[in-house]
Amino acid sequence: MAVSVLRAWGHGRGAFDVAQLHVRNYSGSSGGHYKVLVLGGGSGGITMSARMKRKVGAENVAVVEPSESHYYQPIWTLVGAGAKTVKSSRRPTASVVPSGVKWIKSSVQEVNPDKNTVRTADGQEISYQFLIVALGLQLHYEKIKGFPEAFEHPKIGSNYSVETVEKTWKALQDFKEGNAIFTFPNTPVKCAGAPQKIMYLSDAYFRKTGKRPRANILYNTSLPVIFGVKKYADALWKLVKSRDLNVNLRHNLIEVRPEKREAVFEKLDSPGETVAYEYEMLHVTPPMGPPEVLKGSLVSDADGWVDIDKNTLQHKTYPNVFGIGDCTNLPTSKTAAAVAAQSAILDRTISKVMKKEKPDKKYDGYTSCPLVTSYKTVILAEFDYNGEPLETFPVDQSKESRIMYHMKADLMPHLYWHGLLRGLWGGPGPYRKIMHLGMK
Ligand SMILES: Cc1cc2nc3c(=O)[nH]c(=O)nc-3n(C[C@H](O)[C@H](O)[C@H](O)COP(=O)(O)OP(=O)(O)OC[C@H]3O[C@@H](n4cnc5c(N)ncnc54)[C@H](O)[C@@H]3O)c2cc1C
């Protein structure tokens, strides 16, 4: 089951060639030529397909995506806590690809920006004039000893995969007595708040069901902080103290022994030292990294992330290549909210590049993380590249709020399916200005 999460896609390097923008003879079968080719049909890929359809016409846009299903991942936090169903997070990919846009149902195996071509797993060679890379990131459960087999045992769940999110809810319901442990890996992650949101929800669930006195709750994180932005970190420290939650900083999960129900952590500040905890419930946030196809690719930096300009989202070497979302090396937190703000900027950048003009709009790094703190409350963190709060509402958003919970649970899914994926939502920037009477 979880093994299927660990899909690996092939990758390779493209040979050098002078930029040629039209179809030629290929060794693979010709997959056609598109004015705009989008790689990945997740949040960023579908959003940009919709925006590009409006710009250049549906018949000139194609999106490469192997999966039959598209997921609204942010709701998995609530699925793991039993507050939403996994079904509500899924729609067929066919229903979200904008009508008229070509869906190439395969995975990308090689990106060759010197030839303006892409090769897919089923041997198609597709050429493009403009390329948008939106391949997301890859989960690496297998980097923790004992995984993915450990998922065959009860008491372990992970909200990060559709295959394992319901196991979190099962582990919560089955909880009797002991440690409930929540982990954060030693790699970049998507939605850096999600590993602790499920801890707050679990705490709330245990209180609701009378189990809380028998639960010892631990948040073992590789990070040296509870959250990267001080304003919200201060609020979260107060929260964990008031709810009797134990935070162990610089603890990285390296092994799980499910027969003994033991989780082993390395202490990152004391090299070579490990500590094992027994658990009654374990929520795992896996190590993450760039998709296989991008590692060592010409469009990627040394770490494998798409190497783009942080202001314009245009590739640093290939001016007809762009990136959006989790697969990029933008120095901001990887979220769907960030994808929304990036999509508006990228739309503008591509318009300018198509007209051979200089891109003029700059992405400020806007990202957002609704920190769910119970079944009723959310702290809505919003910030920029500098880790400075960039709040939409004229209230102190570091305070727990019921309205923000409804926004997260009820409003955001609609905004995602009907606004973002249709290329109609570019983040709250314009509303922030209005809310703050033009002062922000
Ligand atoms: C538990 C959880 C909670 C979250 N909570 C929030 C939240 O509260 N707020 C928020 O804003 N964000 C949240 N996020 C993060 C958000 O879902 C992601 O940041 C967002 O989906 C990124 O969009 P993307 O397009 O970059 O990647 P994705 O949406 O992951 O899409 C990548 C796509 O690329 C495809 N792909 C991969 N490899 C290939 C290949 N070789 N060829 C072709 N296609 C390929 C994949 O199949 C996938 O469809 C959460 C995520 C999780 C898991």
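1. Helices here are DSSP runs of H or I with at least four residues and strands are runs of E with at least two, both numbered from the N terminus. With that convention, α7 contributes the largest share of the shell around the ligand, namely 3 residues, while α1 (43-56), α5 (194-208) and α7 (336-354) each supply at least two residues of that shell.

2. The model is a predicted one, in which local features need pLDDT of at least 70 and side-chain atom pairs count only at pLDDT 80 or more, whereas totals for chains, interfaces and linings use all residues. Residues are numbered from 1 along each chain as its sequence is written, and side-chain values use heavy atoms, with hydrogens and water left out.

3. The ligand is surrounded by 33 residues, the closest being G44, E65, V108, D326 and A337, where a residue counts as near if one of its heavy atoms lies within 4 Å of the molecule. Sorted by class, this shell comprises 15 nonpolar, 12 polar and 6 charged residues; Ala, Val, Leu, Ile, Met, Phe, Trp, Tyr, Cys and Pro are taken as nonpolar, Asp, Glu, Lys and Arg as charged, and the others, Gly among them, as polar.

4. Polar contacts to the ligand (pairs of N or O atoms within 3.5 Å) include one in which a backbone N or O atom of G44 lies 2.8 Å from a ligand oxygen. An N or O atom in the side chain of K197 is 3.0 Å from an oxygen atom of the ligand, and a polar backbone atom of L135 is 3.5 Å from a ligand oxygen. Taken alone the ligand exposes 1,000 Å², of which the protein buries 94%, with areas from the Shrake-Rupley method and a 1.4 Å probe.

5. On a 1 Å grid over the protein atoms alone, a cavity is a set of points where a 1.4 Å probe fits but cannot get out, and a pocket is an open set with protein on both sides within 12 Å along at least five of seven lines, lining residues having an atom within 4 Å of a point. There is 1 cavity of 30 Å³ or more, and the largest cavity holds about 60 Å³ of space, a volume being the space filled by probe spheres set on the points. Its lining includes G325, D326, T328, K334 and Q342, and by class the lining of the largest cavity has 2 nonpolar, 6 polar and 2 charged residues.

6. The second largest pocket has a volume of about 500 Å³ and is lined by 25 residues, with V189, A192, T332, S333 and K334 nearest its centre. The lining of this second largest pocket divides into 15 nonpolar, 8 polar and 2 charged residues.

7. The structure holds 0 disulfides (pairs of cysteine sulfur atoms within 2.5 Å). C191 is in no disulfide, and its nearest cysteine sulfur, that of C369, is 3.9 Å away.

8. Two backbone details deserve a look. A cis peptide bond with omega of about 5 degrees joins F147 and P148, and K155, although not a glycine, has a positive phi of about 80 degrees. P148 sits in the loop between β9 (138-139) and β10 (156-157), and K155 is likewise found in the loop between β9 and β10.

Key: A polar contact is a pair of N or O atoms within 3.5 Å; within protein, one must be able to donate a hydrogen and the other to accept it, and residues adjacent in sequence count only if both atoms are side-chain atoms.
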